[in-house]
Amino acid sequence: MSDSEPELRAAQASASDATRVPTPPPTTDTDALESLAVLFQDSTEEREIPRKQVVSWAFWDWATQPFNSVLLTFVWVPSFLVSPFFLDPAVAASGVVNGTAIDCDTPANAATEYCSALGGLDANLGWGIMVAGILIALLAPVLGQRADATGRRKRTLAVFTSLLIAAQLAMAIVPGVPAFFWFGVAMIAFGSVVSEIAGASYNALIVSVATPRTVGKVSGLGWGFGYIGGIIALVIVVALILTGVLDGTQAITFQLVAAGATVWTLVFAIPIFFNVPEPPASAETKRVGFFAGYVELFRSIARLWRNHRPTFWFLLASAVYRDGLAAVFTFGSVIAARVFGFGFQDLVIFGVALNLVAGISTILAGRLDDRFGPKGVILTAIGGIVACCLAVFVFASSGQLLFWIAGLVLASLVGPAQAASRSFLARVTPQGQEGEIFGLYATTGRAASWMAPLLWGAFIAIAGNQTVYGILGIALVLAAGFVLLFFVKAPAPREEISR
């Protein structure tokens, strides 16, 4: 038994005391580890978690990754939904000269009917994703709270995973004709909503497959499975293209890709429901009605403001810059296709490379965090991403090599920013409030998820439907998050904590 266990037990025994003074944030690695025990209900000894349960849990991330990497980011949206497939045939024909599509991000062509129509598709996609972000912010916190209170996280996960499968199946029947454009946008938005809500329940199940000492490793395994799943799914698409099975000039190709993603999610999501146990209902979460859930949410935020101000400001700052990070991947492939002329095959290969780089950088991010502290890692990453965005905007005429370099640098920075954000929050979270604070982390991230899509669409519209200007909207959101984080009190690096 460690010397600090009596204090931990005393703190747990007095949790119901109304006069209890809030415990300050952990100041050592041992304190942080013991504070996690409250969340994992395992304060005295390590449980033996069957490997089958851990792998089954991680496979859900593998199962749902094709929606993000194949459909949303690299294949279905950029090469199909915002492409000439959804333009009036006469307008689409006017944009092809000698068998080659005209460059819409040059001043001479931007005002043409063809380029204006394509820019309109890009902007409308941004509006659709903005609406999805608002819906996620409205629904996710209350649905997550109800799942915590009832102890039915797996049921919530099953319902919203099924809805994600249904959204992908609907995308598989979208024909490449203008009349179905908004239906395609609606399915992407709907899929984004249900995927995020399902993800909240998935994250909550980590307490069933990890202990305080293994939570980092298990969480990293889930991230890794997601990246690997995305890479393999994209490689399969590339192989089908190179062998002539798929043709990027035909709408049926994208319908088949969506159908394949549907089957992938259906098959690989099954293990979590059979092999991962349901954690008990949260004793700290009140069972309240739908609208009363928002009252509880605001009370939690108010308590955080009064008692733990640095945590409050970090939640706010991270909500802003995480929206910018998400937008980098959501709209980056649209920029690649529209501004730099990436074709269907180019985008898929680009996606494989980005997922590989992001996976490696995420694994290495922990060492940077330990040495320099999470705040320095996040600020460096965000600053580098903003610089890359501006470089792409200013030097857009330089060609595809510039975008390849910028894209790989961006991918190498996004992983460390995400990993260090979780570490930062763990270091500033008050002891015994891990579940509540990490729930707010997810909620605040969703609450701000409309900003980058809104500015993406607004900048494109203001610039006369020149897609390259959407980069400025993303950079502005990231810069705002950078400034907010700069003034947040930083937790000490591990070397300083241990002294």
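Student: Which percentage of the contacts in the chain between residues at least 6 apart in sequence join residues at least 24 apart?

Tutor: This is a predicted model, in which local features need pLDDT of at least 70 and side-chain atom pairs count only at pLDDT 80 or more, while totals for chains, interfaces and linings use all residues. Residues are numbered from 1 along each chain as its sequence is written, and side-chain values use heavy atoms, with hydrogens and water left out. A contact means heavy atoms within 4.5 Å. Among the contacts between residues at least 6 apart in sequence, the share joining residues at least 24 apart is 84%.

Student: How many helices and strands does the chain have, and what percentage of its residues count as buried?

Tutor: Helices (H or I, at least four residues) and strands (E, at least two) are DSSP runs numbered from the N terminus; the chain has 22 helices and 2 strands. Buried means under 20% relative accessible area, exposed over 50%, and partly exposed in between, with a 1.4 Å probe and protein chains only. Of the 499 residues, the buried share is 52%.

Student: How is helix 3 directed relative to helix 12, roughly parallel or roughly antiparallel?

Tutor: Helix 3 (residues 51-74) and helix 12 (residues 251-268) pack at about 165 degrees with their axes 8 Å apart; axes are lines fitted to C-alpha atoms, for helices over the stretch in contact, and angles run from 0 to 180 degrees between N-to-C directions. Residues making the contact include F59 and W62 of helix 3 and W264 and F268 of helix 12. Angles under 35 degrees count as roughly parallel, over 145 as roughly antiparallel, 65 to 115 as roughly perpendicular and the rest as oblique. Helix 3 is therefore, relative to helix 12, roughly antiparallel.

Student: In which hand does helix 20 pass helix 21?

Tutor: Helix 20 (residues 451-462) and helix 21 (residues 470-486) pack at an angle of about 145 degrees, their axes 7 Å apart. Among the residues in this contact are W456 and F459 of helix 20 and L472 and L476 of helix 21. A crossing is left-handed if the near helix is turned anticlockwise from the far one by less than a right angle, and right-handed if clockwise. The crossing of helix 20 with helix 21 is right-handed.

Student: What distance separates the C-alpha atoms of Q53 and A210?

Tutor: Q53 lies in helix 3 and is buried, with a relative accessible area of 18%. Leaving aside neighbours within four places in sequence, Q53 is in contact with S208, V209, N275, V276 and P277. Q53 and A210 are 157 residues apart along the chain, and their C-alpha atoms are separated by 9.5 Å.
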